[in-house]
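Hi,

Here is the structure I promised to pass on to you. Have a look at it first, and my notes on what I found follow below.

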Amino acid sequence: MTFFNTSGPVFPPRHFLVPPLERVDLHQVLKLLNRGQNCSVQGPPHSGKTTLLLALAEHLNQPGGHVLSDYPNALAVYVNLAVAGGADTLLEDAFYALLTELALRAETVLGDPFPAEQGPLLLSRCGPRAGLRALLQAWARHRGQPLVLLLDGVDLLSPETYICMMAQLRAGLGHGTEPYTLAVVFSGVFAEPPLLEPDRLDSVLAARAAVQGASLQLPPFSLSQVKKLLAGHTKTGGRKFTEEAVDLIWDLTQGHPWLVNSLAVEAAEHVEGTGASMPLITGEQVAEARERLLVRRDPQMARLARLLHLEPVRQVVEPLLGGTQYPACLPGESLRFCEALGLVTVGSEIRIANRILQEWVPRALTEGDFYTFECDTKMLVNESHGTLRMEELLRQCQERFRVRGDRLLGELTYRQAGPLLLLQAFVSRIVTSQGRIERDYGHNKGRVMLFVFWQARDQVQTIVLQMKILNGSPIDAIREGLAETAGFMELCNSDEGHLILFDAVPGRIMDDRYFSKTESYHGKNIVMWGM
């Protein structure tokens with residue numbers, strides 16, 4: 001049985017897949033290896049790096065060989081470096097684990113017991129600072145083949161283990177006329193252990209520069225690859241994804257492999273019917289799958305949620321969430337860190353990477369605050385029509401801000417964007433029970449837009465909310481806010497809009513800060529709130 005994979009490497013025919021070697025310039029990779037040049041493959045977490053390295057090892061070791069024209073007998077070996085532990089692992093333990101992993105791979109995949117037999121002896125005799133080099137040299141001579149090492153998870157090593165491993169690899173490259181290590185392909189989210197202190201970083205970068213060569217980025221799926229992946233589901237007897245569903249999966253994920261597979265499996269497994277009665281998977285069902293994915297607590301997203309609280313991530317993400325400008329001195333290291341994680345894309349402007357993350361990030365940052373604001377839910381839905389009473393929801397939210405807002409804001413990591421995050425948490429708590437929210441972050445525009453789609457009894461109610469943080473005179477902000485809110489109401493064919501202003505000016509009298517009134521702008525009635 002074939003299924004969408006959301007955990008670990010992809011293996012045909014067990015999983016639907018995009019052929020891994022089609023995702024990179026294979027000709028370029030083979031040209032580098034044939035020249036004995038090292039390279040690294042980088043990509044966000046769960047983007048297919050392990051799958052790619054395993055496929056490359058199989059390709060290089062295929063029967064008949066001659067994939068590398070100058071080294072037709074080269075032997076490719078995949079090694080998972082994650083076994084060597086993290087920052088607290090002793091060097092001896094790290095290299096014992098690394099050599100054991102190498103031995104297990106050699107024995108189970110290649111049928112060669114040599115590393116298992118000789119590895120412990122050489123490690124005992126040479127120690128951790130030379131044991132890996134000794135084993136690679138002895139193994140290559142034993143087989144009469146130069147080695148191509150495919151090292152996965154290089155950024156998971158401790159700095160000391162990383163530096164020691166790189167020194168031994170460098171010693172084996174170009175050793176004599178026939179190198180015992182022909183080339184190395186590294187992979188990881190980062191090219192080296194991240195977030196190091198400056199003195200340690202200098203040593204790590206020097207070790208990397210001495211060994212690593214070209215850096216290749218593993219791209220997300222293209223739209224055509226997403227279509228190919230989902231078509232595999234239909235070819236094996238599964239339900240067909242409509243064109244609308246395929247386009248929505250692409251739009252929500254921008255091709256991130258784990259998100260594409262997660263959305264696909266959520267949508268496919270919640271559609272009932274078999275045989276001739278099997279219904280199509282529609283865009284509406286993909287939208288419902290998105291909501292289920294957002295509330296799940298997958299370990300892949302849980303790890304990313306913890307990283308959101310790191311200072312380098314906050315420096316990049318908070319201005320996006322608050323719609324504010326970046327400081328002139330935004331650290332480049334922080335931006336590269338967030339880009340490597342797949343949190344943001346960097347082009348003509350910095351953006352949160354895809355629509356799923358646009359919705360998930362504020363939820364993850366306020367998960368503990370989601371239930372903090374008590375509310376009278378009976379007052380929020382019109383009994384006769386089933387419509388959402390957004391004015392009552394915002395009134396209750398305004399009152400909670402008046403009573404407890406300062407304390408709650410003081411507990412947030414993202415204090416600058418805190419008011420917007422808390423309001424979004426409060427609105428999400430109500431809306432996601434019977435609707436959905438779309439967000440638009442107006443980076444450099446000083447605002448965030450929420451589009452609320454509420455399923456009433458006989459209609460979908462659309463409500464436009466604009467949120468702004470005031471740091472100076474409100475006159476220009478109100479004028480721009482009313483114009484933008486009215487424009488979005490027209491675009492969404494909505495007759496209900498709200499402009500919410502959070503006053504960040506210190507010393508403002510509380511009665512001046514909290515208010516509500518209705519303004520008319522070009523025929524659109526907009527309720528303006530002060531908080």
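**Two loop residues**

Asparagine 493 sits in the loop that runs between helix H18 (474-492) and strand E11 (497-503); helices (H or I, at least four residues) and strands (E, at least two) are DSSP runs, numbered from the N terminus. Please keep in mind that this is a predicted model, in which local features need pLDDT of at least 70 and side-chain atom pairs count only at pLDDT 80 or more, while totals for chains, interfaces and linings use all residues. Residues are numbered from 1 along each chain as its sequence is written, and side-chain values use heavy atoms, with hydrogens and water left out.

Back to asparagine 493: its phi is near 55°, a positive value in a residue other than glycine. Asparagine 493 is exposed, at a relative accessible area of 72% (buried means under 20% relative accessible area, exposed over 50%, and partly exposed in between, with a 1.4 Å probe and protein chains only). Histidine 522 also has a positive phi for a residue other than glycine, near 50°. You will find histidine 522 in the loop between strand E12 (515-521) and strand E13 (524-530), and with 72% relative accessibility it counts as exposed.

One more backbone point: the peptide bond from proline 12 to proline 13 is cis, with omega near -5°. Proline 13 belongs to the segment before helix H1 (26-34).

**The cores**

The largest nonpolar core has 92 residues, and Phe241, Leu321 and Leu388 touch the most other members. (A nonpolar core is a set of buried Ala, Val, Leu, Ile, Met, Phe, Trp, Tyr and Cys residues joined through side-chain atoms within 4.5 Å.) There is also a second, separate core of 37 residues, with Val77, Leu122, Leu149 and Leu151 among them. If you click on phenylalanine 241 and ignore its neighbours within four places in sequence, its contacts (heavy atoms within 4.5 Å) include Phe4, Leu230, His233, Val246 and Ile281. Phe241 also forms one aromatic cluster with Phe4 and Phe16.

Which residue forms a salt bridge with glutamate 438? The partner is arginine 290, with the closest N and O atoms 3.9 Å apart. Because glutamate 438 lies in strand E8 and arginine 290 in helix H11, the pair ties together parts that are 148 residues apart in sequence. Both glutamate 438 and arginine 290 are buried. A salt bridge here is a side-chain nitrogen of Lys or Arg within 4 Å of a carboxyl oxygen of Asp or Glu, and by this rule the count comes to 27.

Arginine 439 has a salt bridge with glutamate 359, the closest N and O atoms being 2.4 Å apart. Arginine 439 is in strand E8 and glutamate 359 in helix H15, so this pair joins parts 80 residues apart in sequence. Arginine 439 is buried, at 8% relative accessible area, and glutamate 359 is buried too, at 1%. A network of salt bridges links Asp251, Arg290, Glu291, Arg355, Glu359, Arg363, Arg436, Glu438 and Arg439.

**Strand E9 and helix H18**

Arginine 447 and glutamate 484 meet through their side chains in a salt bridge (3.4 Å, N to O). Since arginine 447 lies in strand E9 (residues 447-455) and glutamate 484 in helix H18, the pair ties together parts 37 residues apart in sequence. Arginine 447 is buried at 3% relative accessibility, whereas glutamate 484 is partly exposed at 24%.

The whole structure has 5 aromatic pairs; rings of Phe, Tyr and Trp (its six-membered ring) pair if their centres lie within 6.5 Å, and planes under 30 degrees apart count as stacked, over 60 as edge-to-face and the rest as tilted. Phenylalanine 451 and phenylalanine 488 make an edge-to-face pair, 5.4 Å centre to centre with 65° between the planes. That pair links strand E9, which holds phenylalanine 451, with helix H18, which holds phenylalanine 488.

Happy browsing!
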